[in-house]
Structures are given as C-alpha cells and as structure tokens.
Amino acid sequence: DIGRADSKALAERAVAMAPLGGSVRISLWALGWLARVQFLTGEWDRALHSVEQGRTLAASSGIVLATPLLEWTAAQVHALRGGWEEAVGAVRATDVITQDYEMMQMPMQLARAQIAEAEADYAKVRRVLDPLTRMASGGALHEPGLWPWADLLANALVIEGQLAAADTFLRPHEDRARTRGHRSTMARLGSARGRLSGAMGDLPAARRAFE
C-alpha cells in the first residue's frame, strides 16, 4: 500500500520527462494516476489540471488508451461538486475508447457508479457494479487498492436494505484486504461494514468498524 506522497512523486517525475523526450504513453499513464492521487489528497483543482494536461497530450499524440483513467477523476470531481453535465460528459467522452480497450472499462464503470452515488441513486450504483461480482476472482479487479469498487457496491446494498447480501459480499473482500495488509482498502470496507452493522442495530460493532 504505497504512500500517497511517494505515489505523487513517482508520477510527477514521469510527467516531467515528457518535454525531455520521454515516453508519451508513460507520461499519460503518470498523469492519470497523478490526478487520482491529487483527488484522494483533496487537491481537486490540481487533479483537474492534471486531467487537462493529459487530455491535451492525448489529443496531440493520438494515444488515447489512458483517457478513461483521466476522465474517471474528472467525472468524480465534477459529480462531487454538483457539476452533473461535466461529469456525464467525462464519461461520454470515453465510450468509444472503452469499447476497444476492455481493461479501461473499469474506470468508466467506477465513474458511472460514483456519479450515481453522488446523486444518491443507489439502485443505479448496484446496477452498474453488479456485473463485476460475476467476473472471475484472482485478477486485479478483486485485489485491494487498484479499483475501489467493493465499498461502493456494499454501501448501495445496505442502503437498499439488502443486508444479508451486503454481508456475504463484503466478507471475501475484507479477508483479502487483511491478508494483503492493504490499509486504505480496509478503511473503505470498514466504512461499509460500519454502515451495515448500524443498519442491523449492532451499534458497538458499527463503532468498532468506523474506528
């Protein structure tokens, strides 16, 4: 669970290499992940600036593979700020790209789910993310850290009153996060577990989970 400061430093170094003849593809990936780190550390304006840098570089180079990663952050920031048109536009901009690059469907699924969560449309969150539960385990989708979707779906299940389903869904993800020692995922899942425990009336368990 690499520290966010270290992640930011590595990404910034890769971005800085682009004007010096570094790989454009690597710079685009670095901008995508730099925007994610900036978003997670609360630097939302800087995150959007990194997204704009990535959009410009993708347009000038014709390399669009990392665009969904960039637009994921843009969609989430705009949704949380109530900029619904910009959020939906960020998702729409990458629809064609994700049809060609299957692995880039994940950030767009997350963006759609996070927009729906910001709108308090938890039924839509579940509809967007339910298909992921049927994908085979063992890949990056089920590993903690890279794609933070499990807590989103668990929260939606709890709010919709599907408490037993939420508990069943959470357990393997919690076990894997503990086994990997992945603290940020444990915290996200702990928030979902706390909400579930509260909904079940077990307030001491809810308090422990949130703590």
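This is a predicted model: local features need pLDDT of at least 70, side-chain atom pairs count only at pLDDT 80 or more; totals for chains, interfaces and linings use all residues.
User: Which residue forms a salt bridge with Arg81?
Analyst: Residues are numbered from 1 along each chain as its sequence is written, and side-chain values use heavy atoms, with hydrogens and water left out. A salt bridge is a side-chain nitrogen of Lys or Arg within 4 Å of a carboxyl oxygen of Asp or Glu. With its closest N and O atoms 3.0 Å apart, the partner of Arg81 is Asp45.

User: How many residues apart are Arg81 and Asp45?
Analyst: Arg81 sits in the loop between α4 (67-80) and α5, whereas Asp45 belongs to helix α3 (residues 44-61); helices (H or I, at least four residues) and strands (E, at least two) are DSSP runs, numbered from the N terminus. The pair links distant parts of the chain, and its members are 36 residues apart.

User: Does Asp45 count as buried or exposed?
Analyst: Buried means under 20% relative accessible area and exposed over 50%, with partly exposed in between (1.4 Å probe, protein chains only). Arg81, at 45% relative accessibility, counts as partly exposed. Asp45 has 54% relative accessibility, and therefore counts as exposed.

User: How far apart are the closest N and O atoms of the salt bridge between Glu160 and Arg126?
Analyst: Relative accessibility is 31% for Glu160, which counts as partly exposed, and Arg126 is also partly exposed, at 22%. For the salt bridge that joins Glu160 and Arg126, the closest N and O atoms lie at 2.5 Å.

User: Which helix holds Arg126?
Analyst: The salt bridge of Glu160 with Arg126 links distant parts of the chain, 34 residues apart. Glu160 is in the loop between α9 and α10, whereas Arg126 is in helix α8.

User: Which residues are linked with Asp167 and Arg171 in a network of salt bridges?
Analyst: The side chains of Glu174 and Arg193 meet in a salt bridge of 2.8 Å, N to O. Glu174 lies in helix α10 and Arg193 in helix α11, so this pair ties together parts that are 19 residues apart in sequence. Glu174 is buried at a relative accessible area of 11%, as is Arg193 at 15%. The network linked with Asp167 and Arg171 also takes in Glu174 and Arg193.

User: Why do the buried residues of α5 lie on the same side?
Analyst: In helix α5 (residues 84-92), Ala87, Ala90 and Val91 are buried. The arc that they cover, taken from the directions from the helix axis to the C-beta atoms, puts them on the same side of α5. On the other side of α5, Glu85 and Arg92 are exposed.

User: About how much space lies in the largest cavity?
Analyst: On a 1 Å grid over the protein atoms alone, a cavity is a set of points where a 1.4 Å probe fits but cannot get out, and lining residues have an atom within 4 Å of a point. Grid points are joined across faces, edges and corners, and a volume is the space filled by probe spheres set on the points. A search of the whole structure finds 1 cavity of 30 Å³ or more. The space in the largest cavity is about 130 Å³.

User: Which elements give two or more residues to the lining of the largest cavity?
Analyst: The lining has 16 residues, of which Glu143, Pro144, Ala150, His173 and Thr185 lie nearest the centre of the cavity. The elements that contribute two or more residues are α9 (150-159), α10 (163-180) and α11 (183-199).

Notes:
On a 1 Å grid over the protein atoms alone, a cavity is a set of points where a 1.4 Å probe fits but cannot get out, and a pocket is an open set with protein on both sides within 12 Å along at least five of seven lines; lining residues have an atom within 4 Å of a point.
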